[in-house]
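The following paragraphs lead through one structure, from its overall layout to individual side-chain pairs.

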Amino acid sequence: MPSPYVIAIDPGHGGSPTSDPTQLWDPGVVVGAIMEKDITLDLALRLRRLLQKERVKVALTRVGDQYVEISERWNRVHSSGARLFVSLHVNAFDGDPSINGATIFYPKPDSLPFAQAVDSSLAQSLKPYQIADDGVAPKPELWVHSDIPTVTVEPAYLSNAREASLLQQTDFRDAIVQGVFSGILAFDPQIEATNQQIARAEAAAAAQRQVEAATAADAQRTATAARWGAIIGGIMVLWIVMRFAIRRQTRIPQPPPYRRRSYRRRRSDSRRF
């Protein structure tokens, strides 16, 4: 079976306050009851489902409401063997709620083509929602240890009332992940090639299992037929033996019945001598 293509996804921020004052937590941007950490996790899980349909192995830096240090996030990405890395966030701008739009950040020049592919697809996906495309921008302070194509996706501003409202809608979140997903596939055709290789291998394995199952079923039927044949044959032999024994018994000559003869013993006549 071919090895799956591995992609790492980072749901930005995470964690909630507890009774332990030493326990760190990071909600990200907070507007009213809306927290960035919850949006990013939901987006990551939606994106994972899309990628898994393409038989991509997805590594998440967190799978729940957990605080994870940046260094630990990268360690998890690196240990997963991922070939691409996507970090999901939402944007904010203090002091000017009119600022809006989607931006794709990249840490190093070798990630620029990946950022451009994701930006192009995301802009197309969000076009029906009239989200401005702010393009791509370098941000070298992000993911400084990255050695694979890496992007940070900021699809909308939570500090913008209109975009904050959109971020709470299921169809808008689906549009975000569809744009990112399409950009990922467009950037590396090897993802689809690997998907097809795995699909063919799975089909071949399924066909082989069907052959083995059919062979096993034939063998089982043959064994069952042989057992029944032996049972029926044994019954037939027993029937023949019993029938022969019964016939032989009827042919054995029987002795004539004994008849007791009655007679009187003559008494000697002394007078004759």
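How many helices and strands are there in the protein chain? There are six helices and eight strands, both taken as DSSP runs (helices H or I, at least four residues; strands E, at least two) and numbered from the N terminus. Their order from the N terminus is β-β-β-α-β-α-β-β-α-β-β-α-α-α. The model is predicted: local features need pLDDT of at least 70, side-chain atom pairs count only at pLDDT 80 or more, and totals for chains, interfaces and linings use all residues. Residues are numbered from 1 along each chain as its sequence is written, and side-chain values use heavy atoms, with hydrogens and water left out.

The C-alpha atoms fill a box of roughly 175 × 50 × 35 Å along the principal axes. Of the 273 residues, 36% count as buried, meaning under 20% relative accessible area with a 1.4 Å probe and protein chains only (exposed is over 50%, partly exposed in between).

Seven salt bridges are counted, each a side-chain nitrogen of Lys or Arg within 4 Å of a carboxyl oxygen of Asp or Glu. In one of them, Asp10 pairs with Arg73 at 2.6 Å between the closest N and O atoms. Asp10 belongs to strand 1 (residues 6-11) and Arg73 to helix 2 (residues 70-80), 63 residues apart; both residues are buried.

Another salt bridge joins Arg173 and Asp42 (2.9 Å, N to O). Because Arg173 lies in helix 5 (residues 170-187) and Asp42 in helix 1 (residues 36-53), this pair ties together parts 131 residues apart in sequence. Arg173 is buried at 15% relative accessible area, whereas Asp42 is partly exposed at 22%.
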